[in-house]
Amino acid sequence: MKQLYLVPDIQDMEHSIQLAREYGCAFEYNDFYAPAVLDDPKKQQEIISLYRKYRRDFSGDTMHGAFLDVTIHSSDPRIREVSILRIRQSMEIAKEMGLKGVVFHTGRLAGFRVEYYLTQWKEQNAAFFRKLAEEYPDQQIYMENMFDEAPDVLAGLAEEMKETRNFGVCLDYAHAALTGCSGKEWVETLAGCTRHIHINDNDLKNDLHLPLGTGQIDWRAFDDLLRENQVEASVLIEVNGYEAQKKSLAYMTQHNLYPLNNC
């Protein structure tokens, strides 16, 4: 079975660890992407120390890297400089903790498909992340679709990066469900490069991060698409809190959904 992930609740670790043990889950940490934390080394160490207190093996865990206003493809050198700083800070935290990987967002202007912009986005991201992957060979780098309107641009970057062994796509299926493209197009286009997946439910209009089965996303279709396209990727249930996670896991178990279906 492919690895399943939960977002740990640092204020309720007993429940987080209990649920993770019950379902064999690893953790994906969402504690380090905020600028206030990235600017405060003391706060970072406090968070890391709290997690280390539970004596867990971090080597299979992941984290969400900086993404707020991060645009390393910007034509403004000052914006690019800060964006690169934030990404490197994220990678350093992951390296210190010994994590398996870090998730970043595409940072694209959604719907802006002027040719020079798309070319610049792909070329600068490819050059930067290729070098970053070489510098951090022990960490996987996952590029997640945020509010990208279609999968083709991300697929183009993945093709450009196909020789980089520790780079791949994080398909956020909930984000994809908010676009005009079908889930079928998203999964089929990115099947060969998808290494990690984020799932949560929504009303097909807003990014709500609801427990699975409480929104409008067709999860049977999601499962069928992964099977048909032979996608083999780890999966994060990207909802917060014990009750929402427990409800999502129960829904996945009841409906035999990937990766709990061993497909």
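Here is a short tour of a helix pair and of one alanine in this predicted model.

Before you click: residues are numbered from 1 along each chain as its sequence is written, and side-chain values use heavy atoms, with hydrogens and water left out. Since you're looking at a prediction, local features need pLDDT of at least 70 and side-chain atom pairs count only at pLDDT 80 or more, while totals for chains, interfaces and linings use all residues.

Start by selecting helix α1, residues 13–23, and pick out Ala 20 (helices are DSSP runs of H or I, at least four residues; strands are E, at least two; both are numbered from the N terminus). Ala 20 has 6% relative accessibility, so it counts as buried (under 20% relative accessible area, 1.4 Å probe, protein chains only). Leaving aside neighbours within four places in sequence, Ala 20 is in contact with Leu 6, Cys 25 and Phe 27 (contact means heavy atoms within 4.5 Å).

Next, select α5 (residues 115–135) and α6 (residues 152–160), which pack at about 40° with axes 10 Å apart (axes are lines fitted to C-alpha atoms, for helices over the stretch in contact, and angles run from 0 to 180 degrees between N-to-C directions). Show side chains: among those meeting here are Trp 121 and Arg 130 from α5, and Leu 157 and Glu 160 from α6.

Last stop: colour Val 153, Leu 154, Ala 155, Leu 157 and Ala 158, the buried residues of α6. Their cover includes α5, β5 (140–144), β6 (167–172) and α8 (183–190).

Technical notes
Buried means under 20% relative accessible area, exposed over 50%, partly exposed in between (1.4 Å probe, protein chains only).
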